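This briefing is intended for reading alongside the sequence and the model.

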Amino acid sequence: MKLDEFAIAELTGFAAQATAADVDRALARERRSLADFAALLSPAASAPEYLEALAQAAHALTVKHFGRVMRFFAPLYLSNECINICKYCGFSRDNPILRVTLTVEQVAEEARYLWAQGFRHILLVAGEHPHFVSRNYLRECVARLRPDWPSISLEVGPMETEEYRLIVEAGAEGLVVYQETYDRAVYAAMHTGGPKRDFDWRLDTAERGYAAGFKRLGIGALLGLAEWRWEAVAVAMHAEYLLKRCWQAQLTISLPRLRPAAGEFEPLIHLTDREMAQYVCALRLMFPEVGLVLSTRESPKLRDGLAPLGITLMSAGSHTEPGGYTGQGKEDLHITRGGRRIDSEGEHADVQFAIADGRAPEVVAARLAEMGYEAVWKDWDGVLNEDHRER
Amino acid sequence: MTDRAPKLRIAGRDFSSRLIMGTGKFSSGAVMAAALEASGAELVTVALRRADLSGRQDRFANILEFVDPKKYVLLPNTSGARNAAEAVRLARLGREATGSAWLKLEIHPDPRYLLPDPIETLAAAEQLVKEGFTVLPYIHADPVLAKRLEDVGCATVMPLGSPIGSARGVETRASIAIIVEQTTVPVVVDAGLGAPSHAAEAMELGADAVLVNTAIAVARDPVRMAEAFRAAVVAGRTAFEVGLAVPRRQASATSPLTGFLDEAR
């Protein structure tokens with residue numbers, strides 16, 4: 001995909017200046033254009049009476065397309081080794097944190113814990129490291145979990161189509177990769193070391209994954225790095241592009257907001273809860289059928305509040321460090337410096353970021369039930385992952 | 001009256017109700033069970049991908065527990081399958097897990113509008129009929145495809161009124177009328193029926209049954225909405241059997257051209 005930065009700039013400019021009449025028009029349409037989407041992101045649309053109207057419309061569309069249900073998934077961190085320097089990320093290679101890569105058996109142990117909690121959709125997460133987190137390692141992890149897990153997704157460093165194909169064949173069906181920021185200048189400033197510096201290679205990851213046979217694609221911008229309306233417009237453009245070209249994939253958009261992490265990075269911009277809500281509503285109104293994902297980065301209050309506006313997928317009870325659920329890998333903790341491990345001791349590996357909703361999965365499910373939503377734990381079946389047609 | 005049987009008959013089995021229910025999108029299993037009861041439906045479809053197919057009584061995938069097999073004929077569906085091979089595999093596993101050889105064949109490779117793939121659907125239907133399934137395929141309102149599916153032994157055809165969950169009603173009206181005219185198997189209008197009036201319209205057109213899910217599941221009161229659809233289906237069917245008045249341009253036309261024929265009286 002070639003990012004059309006002129007168009008993004010133009011739409012972002014429009015978003016800043018859109019009038020109440022533009023918002024009215026955008027709200028009235030049945031199918032919305034990117035210009036309508038921009039109007040829904042405008043300061044005009046965040047006026048109390050408009051934001052409520054956005055929320056009502058977004059809620060109605062969500063219920064219509066997804067029903068009164070919330071799908072659940074859990075992240076499982078495999079490794080926090082990483083060869084990239086990303087200023088905002090706890091796993092950044094220059095952070096002297098306690099690191100570990102779980103063995104395949106340890107991964108299975110962590111997964112057993114999540115299975116017992118009810119999860120049937122699992123997201124395997126790891127830092128980018130060709131040695132510790134090799135494609136063979138990932139393939140083995142997927143193959144090990146496949147008999148028990150109806151749905152396995154990955155959030156790992158971008159790979160080549162051929163490498164993805166091996167992982168799809170092992171049984172994975174979802175691929176998540178955030179662009180982090182769609183602002184090239186900010187991207188360059190944030191990613192100062194490692195292969196992640198290549199903006200365009202990362203941007204094409206979802207398409208490579210689709211070509212390899214992934215059935216679910218997740219994208220998103222990490223909110224807190226660049227002007228949020230720019231990011232929102234770029235995400236929408238990326239989504240439109242993928243919906244047309246990767247037409248058989250189920251697309252999801254995540255809304256990760258920057259959280260405290262090792263390295264003490266301060267967000268470059270602050271996105272308010274109100275703006276988060278506006279972003280959720282605008283995405284829903286723009287893409288009625290696209291899944292929206294909200295993680296435990298957000299507080300219980302905000303998660304409960306955003307759920308009816310358009311969120312369709314939630315994690316719960318998450319840990320963002322390898323071994324976080326059952327203490328696996330504790331005996332192997334170390335610091336990695338200059339590619340070398342230095343043995344070290346500690347209670348557990350360090351986290352990627354701090355979570356804000358520590359409620360147990362069944363507590364979140366019970367709260368959603370009170371709100372009139374059923375938690376759906378299984379919404380896929382492994383038998384649907386046996387077909388590996390190339391595209 | 002038409003020559004159609006008074007009861008809905010699918011694959012040799014009679015149903016008093018012409019409303020088939022879906023089970024997705026409900027706020028809880030209990031609400032779904034209550035809506036099923038209120039709808040009077042006897043045939044109920046469940047997405048296999050939401051059910052436990054592993055045989056380990058997974059309580060986190062227990063949607064089937066809310067569909068009493070003594071009250072309902074279970075119609076598992078292959079929603080999630082993107083091609084014939086996936087649908088066939090899912091169907092086989094579903095038959096093992098549920099014991100039901102009835103199957104709503106759904107193949108929609110496009111997760112956005114969930115529109116059915118005619119080529120894959122025909123291929124899968126042919127295979128599944130051979131394997132002994134009672135196949136009810138979800139299709140676009142394509143009269144030729146309907147005949148082709150009938151030819152390979154499908155128990156019904158299920159043309160869509162409009163995209164799943166869209167609540168747009170019977171947008172495919174003209175094609176559905178042709179399907180009703182041409183097919184020898186029951187015609188079930190599936191998908192897009194957002195209001196009881198849409199269901200009544202489909203029944204008035206001569207559909208043998210309708211399948212409703214979203215409109216009931218996401219209603220403020222699913223039980224009462226199920227009752228409303230139940231009544232609408234009965235009303236539409238009754239009207240069809242009685243025969244609807246033909247709309248006229250003028251009120252009570254006289255016979256200016258043929259009046260002279262009565263002169264002898």
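The points below are grouped by topic.

The structure is a predicted model, in which local features need pLDDT of at least 70, side-chain atom pairs count only at pLDDT 80 or more, and totals for chains, interfaces and linings use all residues. Residues are numbered from 1 along each chain as its sequence is written, with chains lettered from A and ligands numbered from 1 in the order in which they are written.

**Chain A**

- Chain A contains 14 helices and 13 strands; helices (H or I, at least four residues) and strands (E, at least two) are DSSP runs, numbered from the N terminus.
- With a radius of gyration of 20 Å, close to the 21 Å that the globule rule gives for 391 residues, chain A is as compact as a globular protein of that length. The radius is taken over C-alpha atoms, and the rule is 2.2 Å times the number of residues to the power 0.38.
- Along the principal axes, the C-alpha atoms of chain A fill a box of roughly 60 × 40 × 40 Å.
- Buried residues account for 58% of the 391 residues of chain A. A residue is buried if 20 or more other C-beta atoms lie within 10 Å of its own, exposed if 12 or fewer, and partly exposed in between, with C-beta atoms placed from the backbone.
- Of the contacts in chain A between residues at least 6 apart in sequence, 78% join residues at least 24 apart; two residues are in contact if their C-beta atoms, placed from the backbone, lie within 7 Å.

**A hairpin in chain A**

- Strands E11 (residues 334-337) and E12 (residues 340-343) of chain A pair in the antiparallel sense over four bridges, where pairing requires that DSSP finds at least two bridges between the strands.
- A:Ile335 stands opposite A:Ile342 in E12(A).
- Two residues lie between the strands of this hairpin, in which A:Gly338 takes a positive phi near 55 degrees.

**Chain B**

- Chain B has eight helices and ten strands.
- The radius of gyration of chain B is 20 Å, close to the 18 Å given by the globule rule for 265 residues, so chain B is as compact as a globular protein of that length.
- Of the 265 residues in chain B, 49% are buried.

**Helix H4 of chain B**

- In H4(B) (residues 143-151), B:Leu145, B:Ala146 and B:Leu149 are buried. Their directions from the helix axis to the C-beta atoms define an arc; the buried residues fall within 105 degrees of arc, so they line one face of the helix.
- The exposed residues B:Val144 and B:Asp151 are carried on the face of H4(B) turned away from its buried side.
- The cover over the buried residues of H4(B) includes helix H3 (118-130), strand E7 (134-139), strand E8 (158-159) and helix H5 (173-182) of chain B.
- Just after H4(B), B:Gly153 takes a positive phi of about 105 degrees.

- The contact takes 27 residues from chain A and 29 residues from chain B. On the side of chain A that touches chain B, the largest share, three residues, comes from H4(A).
- The largest nonpolar core has 213 residues, and those with the most contacts inside it include A:Leu40 and B:Val210. Such a core is a set of buried Ala, Val, Leu, Ile, Met, Phe, Trp, Tyr and Cys residues joined through C-beta atoms within 7 Å.
- Leaving aside its neighbours within four places in sequence, B:Val210 is in contact with residues including B:Ile20, B:Val188 and B:Val233.
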